[in-house]
Amino acid sequence: LNLQDSDLRKLSELGQGNGGSVVKVEHVPTGTIMAKKIVLIDAKQAVRKQILRELEILHSCRSAYIVSSYGAFMAEPNICICMEFMDKGSFDGIYKTIGPIDIEVVAKVALAVLEGLTYLYDVHRIIHRDIKPSNILCNSQGEIKLCDFGVSGELINSIANTFVGTSVYMSPERIQGAEYSIKSDVWSLGISLIELALGRFPFSESDPYDPEDDYSEEDDSSDPNPNPTNPDLGKTATHRDSLLPPSSGKTARRISKRRSKGVSLHGGGLTMSIIELMHHIVREPAPRLSSGKGPGAGAAFPTEAEEFVDACLLKDPEERKPPGGLLKFSWMDTARMSIFDIKEWASTF
Ligand code: ADP
Ligand code: MG
């Protein structure tokens, strides 16, 4: 398929991320519906060519757990990547629409992500590098697939946004500067699974009280506009605010304290708050699946689910298993044998 921008008719916006935006398009000559990812890059012509060469690998990625690619092309100053359109969207959107995700579905998500990671690494020696609910997609066939993996080193280097690669799903060792490894993806999976099962980002109510951090009088409303200039950061700020309620958790209080005092890096309170969260990830015990559960919070999760998530979130990467090791956990056997119908489930929203 020889893709060119003039053959693509825009249908709707699917969303925006730090690196660019995604639109639903029709490839008019064939009538194929696609998701077109538009990435604004800052690179010379030679590097752009190199990126397109690196993106060729996308063509050879064939797995039931990986969103397939139709191809990539340059549309100056952007690079466009056309991929399979997943009509139920990403799991962050799904839980924000329907609330906490049924643990049987979360088990199937875990299985699909591990199978996808194993395929990418075993067949192509690719590490995903950006596992998070918005990169785990679902369609009305009941399929669960990964997108946005790091195929092109040059593309990662060239994305015209300094904050790309800074993510709240980052493992402690990555935050501390270690090279990406396949085990960093396992950490990000653990955080993502808790987020789906609780219906909120895990770093909020789980922190033990620390008398050193007596910021309880802080009020987030003292900061009317945390980031007036950068729309990408503005989006992330909204995301982060909704994940960390201002009055719950030590980190959130510390963040709001810093923000209201106007301490800032890179010209906005937000960056400081991400750094605060990163400190928290490195210093504090890892979150747990059961962490958000208080009295009246509903039924407990299955023990094998908690064991699995605990294993994903071992802070020491030496102890943490790679995806293949996690596929051997009993929760994954349960997921394989489960008769839960994702297609049926996906028809309810
Ligand atoms: P992020 O993943 O950080 O949210 P992206 O720019 O990668 O940012 O994607 C923006 C949104 O577009 C995602 O949250 C997802 O909901 C949607 N999206 C991405 N790829 C697809 C796809 N292939 N099919 C349907 N929706 C998609
Ligand atoms: Mg994405």
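This is a predicted model: local features need pLDDT of at least 70, side-chain atom pairs count only at pLDDT 80 or more; totals for chains, interfaces and linings use all residues.
Tutor: Residues are numbered from 1 along each chain as its sequence is written, and chains are lettered from A and ligands numbered from 1 in the order in which they are written.

Student: Why is Lys-37 called buried?

Tutor: A residue is buried if 20 or more other C-beta atoms, placed from the backbone, lie within 10 Å of its own, exposed if 12 or fewer, and partly exposed in between; Lys-37 has 23 C-beta neighbours inside 10 Å and therefore counts as buried. Lys-37 belongs to strand 3 (residues 32–40), strands being DSSP runs of E with at least two residues and helices runs of H or I with at least four, numbered from the N terminus.

Student: Which residues is Lys-37 in contact with, leaving aside its neighbours within four places in sequence?

Tutor: They are Gly-20, Val-22, Cys-80, Ile-81 and Met-83, where contact requires C-beta atoms, placed from the backbone, within 7 Å.

Student: What makes helix 4 and helix 13 roughly perpendicular?

Tutor: The axes of helix 4 (residues 103–124) and helix 13 (residues 330–337) cross at roughly 105 degrees and come within 9 Å. Angles under 35 degrees count as roughly parallel, over 145 as roughly antiparallel, 65 to 115 as roughly perpendicular and the rest as oblique, so the two helices are roughly perpendicular to each other. Their contact involves Ala-107, Lys-108, Ala-110 and Leu-111 of helix 4, and Trp-331, Met-332, Thr-334, Ala-335 and Arg-336 of helix 13.

Conventions:
Two residues are in contact if their C-beta atoms, placed from the backbone, lie within 7 Å. Axes are lines fitted to C-alpha atoms, for helices over the stretch in contact, and angles run from 0 to 180 degrees between N-to-C directions.
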